Amino acid sequence: MIKAFIAKFYQAVIITMAVFLLLSFVGLGVQTWRAEHWKEKAQSAESECNTKILELRQEQLRSLAEKQNEINKVSADYEAEKSKQRVQVETVTREVQKIVERPVYLNGCFDDDGLQQLNSLIASGSGKPP
């Protein structure tokens with residue numbers, strides 16, 4: 001009777017250990033599968049994030065290039081206008097210097113050339129000092 005009890009006891013222990021090992025392997029397999037699933041999800045999310053970051057960078061670079069082109073155009077327009085004004089001022093200054101050196105100014109009068117220059121300045125609106 002004790003031998004039968006011990007035999008049944010060992011049989012129960014062996015079955016219990018076999019079930020425990022089987023459940024352990026199944027649980028380990030499920031956990032591995034879940035870990036791989038989450039790893040794949042994280043990798044796909046990271047790749048999506050990197051793609052969006054690249055798109056945003058390209059959009060920012062494109063926007064920056066457009067703004068830089070606008071700035072360059074405004075700067076070129078400003079420089080062109082500035083050079084026009086500089087040419088006008090230099091031309092008027094040279095003409096005035098030529099006219100002032102003439103002896104007719106010793107009397108305090110304007111000759112025909114001087115009046116013509118003065119009237120052209122007044123007509124163009126540049127009669128104001130720079």
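Trainee: What follows α2, and what is its phi?

Mentor: Gly-125 follows α2, and its phi is positive, near 85 degrees. Keep in mind that this is a predicted model: local features need pLDDT of at least 70, side-chain atom pairs count only at pLDDT 80 or more, and totals for chains, interfaces and linings use all residues. Residues are numbered from 1 along each chain as its sequence is written, and side-chain values use heavy atoms, with hydrogens and water left out.

Trainee: How far apart are the end C-alpha atoms of α2?

Mentor: They are 18 Å apart. Helix α2 covers residues 112–124, and its 13 residues at 1.5 Å a residue should span 18 Å, so the two values agree. The expected span is 1.5 Å times one less than the number of residues.

Trainee: How many helices and strands are in the chain?

Mentor: Two helices and zero strands. Both kinds are DSSP runs, numbered from the N terminus: helices are H or I with at least four residues, strands are E with at least two.

Trainee: OK, salt bridges. How many does the structure hold?

Mentor: Two. The term means a side-chain nitrogen of Lys or Arg within 4 Å of a carboxyl oxygen of Asp or Glu. One joins the side chains of Glu-70 and Lys-67, at 3.9 Å, N to O. Another joins Asp-77 and Lys-73, at 3.4 Å, N to O.

Trainee: How are Asp-77 and Lys-73 placed in helix α1?

Mentor: They are four residues apart, so about one helical turn separates them. Glu-70 and Lys-67 are three residues apart in α1, again about one helical turn. An α-helix has 3.6 residues a turn, so residues three or four places apart point the same way.

Trainee: Is Lys-73 buried or exposed?

Mentor: Lys-73 is exposed, with a relative accessible area of 54%. Asp-77 is partly exposed at 43%. So are Glu-70 at 44% and Lys-67 at 46%. Buried means under 20%, exposed over 50%, and partly exposed in between, using a 1.4 Å probe and protein chains only.

Trainee: And what share of the chain counts as buried?

Mentor: Of its 130 residues, 3%. The chain exposes about 11,900 Å², and carbon and sulfur atoms supply 64% of that.

Trainee: Switching topic. Which residues make the nonpolar surface patch?

Mentor: Ile-2, Phe-5, Ile-6, Phe-9, Tyr-10, Val-13, Ile-14 and Met-17 make a patch of about 860 Å². Ile-6 is found in helix α1, residues 2–100, and counts as partly exposed at 37% relative accessibility.

Trainee: How many aromatic pairs does the structure hold?

Mentor: One. The ring centres of Phe-9 and Tyr-10 are 6.0 Å apart and the planes sit at 55 degrees, so the pair is tilted. Rings of Phe, Tyr and Trp (its six-membered ring) pair if their centres lie within 6.5 Å; planes under 30 degrees apart are stacked, over 60 edge-to-face, and the rest tilted. Phe-9 counts as partly exposed at 47%, and Tyr-10 as exposed at 51%.

Terms used. Patch = residues over 30% accessible without salt bridge, like charges linked within 9 Å, V, L, I, M, F, W, Y side chains within 5 Å. Areas by Shrake-Rupley, 256 points an atom, 1.4 Å probe, with all protein chains shown as cover.
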